[in-house]
Amino acid sequence: MCHPAVYAAIAVGNVMQARASEKAANTLAEQAAQEQRDQIRDQRADLAIEVAQKENERWRNYQDQMAGNRALLASMGLTEQGGSYLALKSRNKEIVKTDLRNISLSRGRSLRELSYAELDVERNLLATKISARQNTTNAYFDAAKVGTEYAASTDMFGDNFKKDE
């Protein structure tokens with residue numbers, strides 16, 4: 001049987017190691033979560049730029065198309081006040097509005113996916129912290145077990161800790 005001081009040292013060492021391990025695990029988890037948050041923030045900014053570029057490109061295409069239509073009508077001797085031109089202009093506007101709505105919907109879907117990714121980051125961080133805390137708690141119980149062995153070996157509490165023989 002080991003000296004009682006060995007049991008006490010093992011118990012204290014286990015508790016200290018468990019606390020240090022939990023602190024390190026939480027720090028690493030926080031750093032990883034912050035990196036992921038930063039990455040999601042950057043993706044949101046990239047998405048905003050991409051959507052603005054798509055919308056601007058679509059409007060440019062519309063303006064170019066309308067200028068081409070006006071030039072074509074002028075070469076045919078038609079004016080912009082004619083029914084055919086107004087119908088064509090109205091139809092083109094509807095197409096542009098539909099395209100812009102689709103771009104907006106795509107943006108919304110992407111933002112939703114990024115929001116889910118943010119939730120996953122927070123959920124994973126919480127799970128890591130809970131796991132680290134559980135490991136620390138288990139180490140406390142192990143230390144208590146070692147302490148019980150210590151108490152039994154010193155006969156400090158009488159027959160309460162002795163095994164049935």
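Arg 44 is partly exposed, with a relative accessible area of 26%; partly exposed lies between buried, under 20%, and exposed, over 50% (1.4 Å probe, protein chains only). The model is predicted, so local features need pLDDT of at least 70 and side-chain atom pairs count only at pLDDT 80 or more, while totals for chains, interfaces and linings use all residues. Residues are numbered from 1 along each chain as its sequence is written, and side-chain values use heavy atoms, with hydrogens and water left out.

**Salt bridges**

- A salt bridge is a side-chain nitrogen of Lys or Arg within 4 Å of a carboxyl oxygen of Asp or Glu, and by this rule the count comes to ten.
- Arg 44 pairs with Glu 118 in one of these salt bridges, with the closest N and O atoms 2.9 Å apart.
- Glu 118 lies in helix 2 and Arg 44 in helix 1, so this pair ties together parts that are 74 residues apart in sequence; helices are DSSP runs (H or I, at least four residues), numbered from the N terminus.
- Glu 118 counts as partly exposed at 33% relative accessibility.
- Because Glu 122 is in helix 2 and Arg 37 in helix 1, the pair ties together parts 85 residues apart in sequence.
- Glu 122 is partly exposed at 35% relative accessible area, and Arg 37 is partly exposed at 23%.
- Arg 133 and Glu 22 meet through their side chains in a salt bridge (3.1 Å, N to O).
- With Arg 133 in helix 2 (residues 83–154) and Glu 22 in helix 1, that pair ties together parts that are 111 residues apart in sequence.
- Arg 133 counts as partly exposed at 39% relative accessibility, whereas Glu 22 counts as buried at 14%.

**Arg 58**

- Arg 58 is placed in helix 1 and counts as buried, at 15% relative accessibility.
- Leaving aside residues up to four places away in sequence, Arg 58 touches Ile 95, Val 96, Asp 99 and Leu 100, where contact means heavy atoms within 4.5 Å.

**Nonpolar surface patch**

- Leu 72, Met 76 and Leu 78 make a nonpolar surface patch of about 310 Å².
- Patch residues have over 30% relative accessible area and no salt bridge, with nonpolar side chains (Val, Leu, Ile, Met, Phe, Trp, Tyr) joined within 5 Å and like charges within 9 Å; accessible areas come from the Shrake-Rupley method with a 1.4 Å probe, and for residues only the protein chains shown count as cover.
- Leu 72 is located in helix 1 (residues 4–75).

Definitions and conventions: Helix = DSSP H or I, 4+ residues; strand = E, 2+ residues; numbered from the N terminus.
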